[in-house]
Amino acid sequence: MEKHDRDFKGVWIPKEIWLSENLSLMEKVLFVEIHSLDNERGCYAGNNYFAKFFGVSARQIRRYLESLKKHGFITQTIRNKNERVIRTAGRFRRVSEAEMKSLRQGRVDLARKFKI
């Protein structure tokens, strides 16, 4: 099985995911795996990677991904005509380093403005 870069600190499933009645257990753990692989460039893992990782068929993975997309937990885009990029969406989306820098600077600017 190929190795992917991941932001992995353990397994933690957000409350909204864990308690969702719209997602199966498999969809929940697939979301967590995508979230851990969603780095600065996004998650590039293919259906075969996920299928092997979870011990299910690539066809099942395709169904799970469609459900996660339908419920607004992930987005999928195609780059360079054949590279699929999966990203977590909504409040679970990854915040880029550039966005974090901008937020930090905004906080400093506000503190200066109000002389805090």
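Helix 2 has 13 residues and extends 19 Å from its first C-alpha to its last, close to the 18 Å expected at 1.5 Å a residue, where the expected span of a helix is 1.5 Å times one less than its number of residues. Helices (H or I, at least four residues) and strands (E, at least two) are taken as DSSP runs and numbered from the N terminus. The structure is a predicted model, in which local features need pLDDT of at least 70, side-chain atom pairs count only at pLDDT 80 or more, and totals for chains, interfaces and linings use all residues. Residues are numbered from 1 along each chain as its sequence is written, and side-chain values use heavy atoms, with hydrogens and water left out.

The secondary structure of the chain comprises five helices and two strands, arranged from the N terminus in the order α-α-α-α-β-β-α. Of the 116 residues, 33% are buried; buried denotes under 20% relative accessible area, exposed over 50%, and partly exposed in between (1.4 Å probe, protein chains only). The accessible surface of the chain amounts to about 8300 Å², and 53% of this belongs to carbon and sulfur atoms; accessible areas come from the Shrake-Rupley method with a 1.4 Å probe, and for residues only the protein chains shown count as cover. Among contacts with a separation of 6 or more, 56% involve residues 24 or more positions apart, a contact being defined by heavy atoms within 4.5 Å.

Helix 2 (residues 25-37) is mostly covered, with 10 of its 13 residues buried. These are M26, E27, K28, L30, F31, V32, E33, I34, S36 and L37. The cover over them includes helix 1 (15-18), helix 3, helix 4, strand 1 and strand 2. L25, also a residue of helix 2, is by contrast exposed, because its relative accessibility is 54%. Together with W18 and L19, L25 makes a nonpolar surface patch of about 350 Å². Patches are made of residues with over 30% relative accessible area and no salt bridge, like charges being joined within 9 Å and nonpolar side chains (Val, Leu, Ile, Met, Phe, Trp, Tyr) within 5 Å.

Helix 4 (residues 58-70) likewise agrees with expectation, since its 13 residues should span 18 Å at 1.5 Å a residue and its end C-alpha atoms are 18 Å apart. Its buried residues are I61, Y64, L65, S67 and L68. Viewed down the axis of helix 4, these residues fall within an arc of 160 degrees and therefore line one face of the helix; the arc is that of the directions from the helix axis to the C-beta atoms. The cover over this buried set includes helix 2, helix 3 (47-54), strand 1 (74-79) and strand 2 (83-88). On the face turned away from the buried side, helix 4 carries the exposed residues R59 and K70. Just after helix 4, G72 adopts a positive phi of about 80 degrees.

In strand 2, I86 is buried, because its relative accessibility is 0%. Not counting residues up to four places away in sequence, I86 touches I34, D38, G42, C43, A45, F50, L65, I74, T75 and Q76. I86 and G46 are 40 residues apart in sequence, with their C-alpha atoms 9.5 Å apart. G46 is located in the loop between helix 2 and helix 3 and is partly exposed at 29% relative accessibility.

The loop between strand 1 and strand 2 contains N80 and K81. Phi is positive in both, near 50 degrees for N80 and near 70 degrees for K81. N80 is exposed at 63% relative accessibility, and K81 is exposed with a relative accessible area of 83%.

Two salt bridges were counted, a salt bridge being a side-chain nitrogen of Lys or Arg within 4 Å of a carboxyl oxygen of Asp or Glu. One joins the side chains of R87 and D38 at 2.8 Å, N to O. R87 lies in strand 2 and D38 in the loop between helix 2 and helix 3, so this pair ties together parts 49 residues apart in sequence. R87 is partly exposed at 24% relative accessibility, whereas D38 is buried, with a relative accessible area of 1%. E66 and K69 form a salt bridge in which the closest N and O atoms are 3.6 Å apart. Because they are three residues apart in helix 4, E66 and K69 are separated by about one helical turn. E66 is partly exposed, with a relative accessible area of 41%, and K69 is partly exposed at 35% relative accessibility.
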